[in-house]
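Subject: Structure handover

Hello,

Here is the structure for you to look at. Please open it before you read on.

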Amino acid sequence: FFFYFRTRNINRLSTMADKALTWRQLKGIQFWVNEFKNPGFRPFGIGFIISFGVIGAYAQMKFTDEMKANSKYWQSFHAPKKH
């Protein structure tokens with residue numbers, strides 16, 4: 001009789017534990033959303049996004065048309081295909 005209730009509670013608790021994720025189990029976007037919910041992390045996250053955007057924009061603006069024409073990578077992946 002008691003065995004039934006004990007196993008039922010253990011099964012229920014293990015199901016709850018399977019659904020609950022710690023921050024170590026979160027991946028990618030889930031982790032970032034979880035971190036942005038923390039008010040102490042928000043300034044660092046915003047700074048990271050701004051820095052990433054500024055550095056990315058600067059790197060793209062730095063390339064001239066001549067540099068793009070001479071780049072095998074740029075010609076392979078970004079240049080319009082010549083048929």
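Below are the notes on the fold, the aromatic rings and the surface.

This is a predicted model, so local features need pLDDT of at least 70 and side-chain atom pairs count only at pLDDT 80 or more, while totals for chains, interfaces and linings use all residues. Residues are numbered from 1 along each chain as its sequence is written, and side-chain values use heavy atoms, with hydrogens and water left out.

Confidence and fold

pLDDT is the predictor's confidence in each residue, from 0 to 100. The chain has a mean pLDDT of 81, and 75% of its residues reach 70 or more. Confidence is lowest in helix H1 (residues 2–19), at a mean of 63. It is highest in H3, at 90.

The chain has five helices and zero strands. Helices (H or I, at least four residues) and strands (E, at least two) are DSSP runs, numbered from the N terminus. Along the sequence the pattern reads α-α-α-α-α.

Exposure

The accessible surface of the chain is about 8000 Å². Carbon and sulfur atoms hold 66% of that surface. Areas come from the Shrake-Rupley method with a 1.4 Å probe; for residues, only the protein chains shown count as cover.

Of the 83 residues in the chain, 6% are buried. Buried means under 20% relative accessible area, exposed over 50%, and partly exposed in between (1.4 Å probe, protein chains only). Ala79 is buried, because its relative accessible area is 13%. Ala79 sits in the segment after H5. Its C-alpha is 8.5 Å from that of Ala69, 10 residues apart along the chain.

Aromatic rings

The structure holds nine aromatic pairs. Phe48 and Phe52 form a stacked pair, because their ring centres are 6.1 Å apart and their planes are at 20°. The rule covers rings of Phe, Tyr and Trp (its six-membered ring): centres within 6.5 Å make a pair, planes under 30 degrees apart are stacked, over 60 edge-to-face, and the rest tilted. Both Phe48 and Phe52 lie in helix H3, four residues apart, about one turn of the helix. Phe48 is partly exposed at 45% relative accessibility. Phe52 is exposed at 61%.

Phe63 and Trp74 are a tilted pair, because their centres are 6.4 Å apart and their planes are at 40°. This pair links distant parts of the chain, 11 residues apart. Phe63 is in the loop between H3 and helix H4 (65–70), and Trp74 is in helix H5 (residues 72–77). Phe63 is partly exposed, with a relative accessible area of 36%.

Ring pairs also build a cluster of Trp23, Phe31, Trp32, Phe36, Phe41, Phe48 and Phe52. Trp23 lies in the loop between H1 and helix H2 (28–36). Leaving aside neighbours within four places in sequence, Trp23 is in contact with Phe31 and Asn34. Contact means heavy atoms within 4.5 Å. Trp23 and Glu35 are 12 residues apart in sequence and 8.6 Å apart in space, C-alpha to C-alpha.

Surface patch

Which residues form a nonpolar patch on the surface? They are Trp32, Phe48, Ile49 and Phe52, with about 450 Å² of accessible area together. Helix H3 (residues 42–62) gives the most to this patch, with three residues. Patch residues have over 30% relative accessible area and no salt bridge; nonpolar side chains (Val, Leu, Ile, Met, Phe, Trp, Tyr) are joined within 5 Å, and like charges within 9 Å. A salt bridge is a side-chain nitrogen of Lys or Arg within 4 Å of a carboxyl oxygen of Asp or Glu.

Best regards
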